Amino acid sequence: MNRAEEDEYRQFVAARLESLRRTAYLLCREWHTADDLVSITIGKLYRHWRRVRAAENIDAYVRGMLTNAWLDERRRPWRREHSTAEVPESADMILPEPTLAERDMLLALLGQLPPRRRAVLVLRYYCDLSVEETADVMGISAGTVKSQSARGLEALRLLLGGIPSTRGELS
(Lines give C-alpha, C1' and ligand atoms only; values in the text may rest on other atoms or scores of the structure.)
Protein backbone atom coordinates (compact mmCIF):
# COMPACT_ATOMS: atom_id res chain seq x y z
CA MET A 1 0.00 0.00 0.00
CA ASN A 2 1.44 3.38 -0.94
CA ARG A 3 1.48 6.44 1.32
CA ALA A 4 -1.63 8.05 -0.24
CA GLU A 5 -3.66 4.84 0.15
CA GLU A 6 -2.53 4.45 3.74
CA ASP A 7 -3.51 8.06 4.52
CA GLU A 8 -6.90 7.48 2.91
CA TYR A 9 -7.35 4.32 5.01
CA ARG A 10 -6.42 6.14 8.23
CA GLN A 11 -8.84 8.98 7.49
CA PHE A 12 -11.64 6.51 6.75
CA VAL A 13 -11.06 4.57 9.99
CA ALA A 14 -10.72 7.72 12.12
CA ALA A 15 -14.00 9.10 10.77
CA ARG A 16 -15.97 5.91 11.35
CA LEU A 17 -14.40 4.27 14.37
CA GLU A 18 -17.04 5.32 16.92
CA SER A 19 -19.90 4.41 14.60
CA LEU A 20 -18.41 0.96 14.02
CA ARG A 21 -17.89 0.53 17.76
CA ARG A 22 -21.52 1.41 18.55
CA THR A 23 -22.79 -0.91 15.82
CA ALA A 24 -20.60 -3.73 17.14
CA TYR A 25 -21.93 -3.11 20.65
CA LEU A 26 -25.52 -3.39 19.45
CA LEU A 27 -24.68 -6.71 17.85
CA CYS A 28 -22.79 -8.31 20.75
CA ARG A 29 -23.92 -6.24 23.80
CA GLU A 30 -20.42 -6.11 25.36
CA TRP A 31 -18.02 -3.21 24.98
CA HIS A 32 -14.89 -5.39 25.19
CA THR A 33 -16.17 -7.77 22.53
CA ALA A 34 -17.30 -4.80 20.42
CA ASP A 35 -13.77 -3.40 20.58
CA ASP A 36 -12.39 -6.79 19.54
CA LEU A 37 -14.80 -6.96 16.61
CA VAL A 38 -13.84 -3.48 15.46
CA SER A 39 -10.15 -4.39 15.73
CA ILE A 40 -10.67 -7.51 13.65
CA THR A 41 -12.64 -5.53 11.09
CA ILE A 42 -10.15 -2.69 10.70
CA GLY A 43 -7.30 -5.21 10.46
CA LYS A 44 -9.04 -7.01 7.61
CA LEU A 45 -9.94 -3.65 6.10
CA TYR A 46 -6.26 -2.65 6.07
CA ARG A 47 -5.23 -5.88 4.35
CA HIS A 48 -7.91 -5.47 1.67
CA TRP A 49 -8.05 -1.66 1.42
CA ARG A 50 -7.32 -1.55 -2.33
CA ARG A 51 -10.27 -3.81 -3.07
CA VAL A 52 -12.56 -2.19 -0.50
CA ARG A 53 -11.95 1.39 -1.70
CA ALA A 54 -13.15 0.32 -5.15
CA ALA A 55 -16.52 -0.78 -3.69
CA GLU A 56 -19.59 1.24 -4.59
CA ASN A 57 -20.55 1.80 -0.94
CA ILE A 58 -17.53 1.46 1.34
CA ASP A 59 -19.55 1.99 4.53
CA ALA A 60 -21.93 -0.86 3.67
CA TYR A 61 -18.99 -3.09 2.80
CA VAL A 62 -17.30 -2.38 6.13
CA ARG A 63 -20.55 -2.93 8.08
CA GLY A 64 -20.77 -6.28 6.31
CA MET A 65 -17.24 -7.10 7.40
CA LEU A 66 -18.16 -6.16 10.97
CA THR A 67 -21.34 -8.22 10.93
CA ASN A 68 -19.51 -11.24 9.52
CA ALA A 69 -16.78 -10.86 12.15
CA TRP A 70 -19.46 -10.93 14.86
CA LEU A 71 -21.19 -13.97 13.36
CA ASP A 72 -17.80 -15.74 13.15
CA GLU A 73 -17.04 -14.91 16.79
CA ARG A 74 -20.43 -16.26 17.88
CA ARG A 75 -19.44 -19.65 16.49
CA ARG A 76 -16.31 -19.87 18.64
CA PRO A 77 -16.83 -22.18 21.63
CA TRP A 78 -15.10 -19.89 24.15
CA ARG A 79 -17.52 -17.08 23.27
CA ARG A 80 -20.57 -18.97 24.49
CA GLU A 81 -21.97 -17.43 27.62
CA HIS A 82 -22.77 -19.40 30.73
CA SER A 83 -25.07 -18.12 33.42
CA THR A 84 -23.88 -18.12 37.02
CA ALA A 85 -25.64 -17.95 40.34
CA GLU A 86 -23.53 -15.00 41.55
CA VAL A 87 -23.83 -11.51 40.16
CA PRO A 88 -20.43 -9.81 39.75
CA GLU A 89 -19.81 -6.49 41.42
CA SER A 90 -20.32 -3.66 38.97
CA ALA A 91 -18.23 -0.54 38.64
CA ASP A 92 -19.89 2.76 39.45
CA MET A 93 -20.74 4.45 36.17
CA ILE A 94 -22.36 7.78 35.51
CA LEU A 95 -24.96 7.18 32.83
CA PRO A 96 -27.87 9.30 31.71
CA GLU A 97 -30.87 8.42 33.86
CA PRO A 98 -33.82 8.94 31.48
CA THR A 99 -32.77 6.49 28.77
CA LEU A 100 -30.85 3.87 30.73
CA ALA A 101 -33.83 1.66 31.53
CA GLU A 102 -35.09 1.81 27.96
CA ARG A 103 -31.65 1.03 26.56
CA ASP A 104 -31.20 -1.94 28.90
CA MET A 105 -34.63 -3.23 28.02
CA LEU A 106 -33.91 -2.96 24.28
CA LEU A 107 -30.55 -4.69 24.66
CA ALA A 108 -32.14 -7.47 26.69
CA LEU A 109 -34.85 -7.92 24.08
CA LEU A 110 -32.33 -7.92 21.22
CA GLY A 111 -30.29 -10.48 23.13
CA GLN A 112 -33.22 -12.90 23.05
CA LEU A 113 -33.31 -12.90 19.24
CA PRO A 114 -31.28 -15.30 17.12
CA PRO A 115 -27.99 -13.74 15.89
CA ARG A 116 -28.94 -13.31 12.22
CA ARG A 117 -32.32 -11.81 13.06
CA ARG A 118 -30.65 -9.44 15.50
CA ALA A 119 -28.11 -8.48 12.83
CA VAL A 120 -30.90 -7.72 10.34
CA LEU A 121 -32.70 -5.48 12.87
CA VAL A 122 -29.51 -3.63 13.85
CA LEU A 123 -28.53 -3.02 10.23
CA ARG A 124 -32.04 -2.02 9.14
CA TYR A 125 -33.12 0.14 12.05
CA TYR A 126 -29.97 1.29 13.84
CA CYS A 127 -27.70 1.71 10.82
CA ASP A 128 -30.72 2.82 8.76
CA LEU A 129 -29.87 0.61 5.79
CA SER A 130 -32.40 -0.21 3.11
CA VAL A 131 -33.60 -3.76 2.55
CA GLU A 132 -31.27 -4.09 -0.42
CA GLU A 133 -28.26 -2.69 1.43
CA THR A 134 -28.89 -5.03 4.36
CA ALA A 135 -29.19 -7.96 1.95
CA ASP A 136 -25.86 -7.02 0.35
CA VAL A 137 -24.12 -6.65 3.71
CA MET A 138 -25.35 -10.00 4.99
CA GLY A 139 -25.14 -11.88 1.70
CA ILE A 140 -28.82 -12.87 1.74
CA SER A 141 -31.82 -12.06 -0.45
CA ALA A 142 -34.00 -8.98 0.00
CA GLY A 143 -36.94 -11.29 0.74
CA THR A 144 -35.01 -12.89 3.58
CA VAL A 145 -34.23 -9.45 5.01
CA LYS A 146 -37.93 -8.54 4.87
CA SER A 147 -39.06 -11.76 6.51
CA GLN A 148 -36.34 -11.63 9.18
CA SER A 149 -37.22 -7.97 9.90
CA ALA A 150 -40.90 -8.77 10.21
CA ARG A 151 -40.26 -11.80 12.42
CA GLY A 152 -37.74 -9.92 14.53
CA LEU A 153 -40.13 -7.01 15.12
CA GLU A 154 -42.95 -9.44 15.84
CA ALA A 155 -40.77 -11.26 18.37
CA LEU A 156 -39.86 -7.96 20.04
CA ARG A 157 -43.55 -7.03 20.28
CA LEU A 158 -44.33 -10.39 21.83
CA LEU A 159 -41.50 -10.05 24.30
CA LEU A 160 -42.81 -6.61 25.25
CA GLY A 161 -46.29 -8.06 25.73
CA GLY A 162 -47.72 -5.88 23.00
CA ILE A 163 -49.40 -6.85 19.78
CA PRO A 164 -50.17 -10.59 19.68
CA SER A 165 -48.38 -12.75 17.14
CA THR A 166 -50.20 -14.22 14.18
CA ARG A 167 -47.82 -17.18 14.22
CA GLY A 168 -47.64 -17.74 17.98
CA GLU A 169 -43.87 -18.30 17.94
CA LEU A 170 -40.60 -16.38 18.26
CA SER A 171 -38.40 -18.17 15.77
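**Rings and charges along the chain**

E5 is buried, with a relative accessible area of 9%. That value comes from a predicted model.

What does the side chain of E5 meet in a salt bridge? The partner is R50, at 3.0 Å from N to O. This pair links distant parts of the chain. E5 lies in helix α1 and R50 in helix α3, 45 residues apart. R50 is exposed, with a relative accessible area of 52%. Side chains of opposite charge can pair when their charged atoms come close.

The bridges go further. Salt bridges that share partners join E5, E8, R50 and R53 into one network. A search of the whole structure finds 7 salt bridges.

E6 and R10 meet through their side chains at 2.7 Å, N to O. Both lie in helix α1, 4 residues apart, which is about one turn of the helix. E6 has a relative accessible area of 18%, so E6 counts as buried. R3 and D7 also form a salt bridge, at 4.0 Å from N to O. They too lie in helix α1, 4 residues apart, about one turn of the helix. R3 counts as exposed because its relative accessibility is 61%. D7, at 29%, counts as partly exposed.

Now turn to the rings. The structure holds 4 aromatic pairs. One of them is Y9 with Y46, an edge-to-face pair. Their centres are 5.1 Å apart, with 70 degrees between the planes. Y9 sits in helix α1 (residues 3–28) and Y46 in helix α2 (residues 31–47), 37 residues apart. Is Y9 buried or exposed? Its relative accessibility is 10%, so Y9 counts as buried. Y46, at 35%, counts as partly exposed.

Y9 has another ring partner, W49. This pair is edge-to-face as well, at 5.7 Å centre to centre and 75 degrees between the planes. Y9 lies in helix α1 and W49 in helix α3 (residues 49–52), so the pair ties together parts that are 40 residues apart in sequence. W49 has 1% relative accessibility and therefore counts as buried. Which residues form one aromatic cluster? They are Y9, F12, Y46 and W49.

The charged end of R124 sits over the ring of Y125, 5.3 Å from its centre.

Definitions and conventions: Residues are numbered from 1 along each chain as its sequence is written. This is a predicted model: local features need pLDDT of at least 70, side-chain atom pairs count only at pLDDT 80 or more; totals for chains, interfaces and linings use all residues. Side-chain values use heavy atoms; hydrogens and water are left out. Rings of Phe, Tyr and Trp (its six-membered ring) pair if their centres lie within 6.5 Å; planes under 30 degrees apart count as stacked, over 60 as edge-to-face and the rest as tilted. Helices (H or I, at least four residues) and strands (E, at least two) are DSSP runs, numbered from the N terminus. Buried means under 20% relative accessible area, exposed over 50%, partly exposed in between (1.4 Å probe, protein chains only). A charge sits over a ring if NZ of Lys or CZ of Arg is within 6 Å of the ring centre and within 35 degrees of the ring normal.
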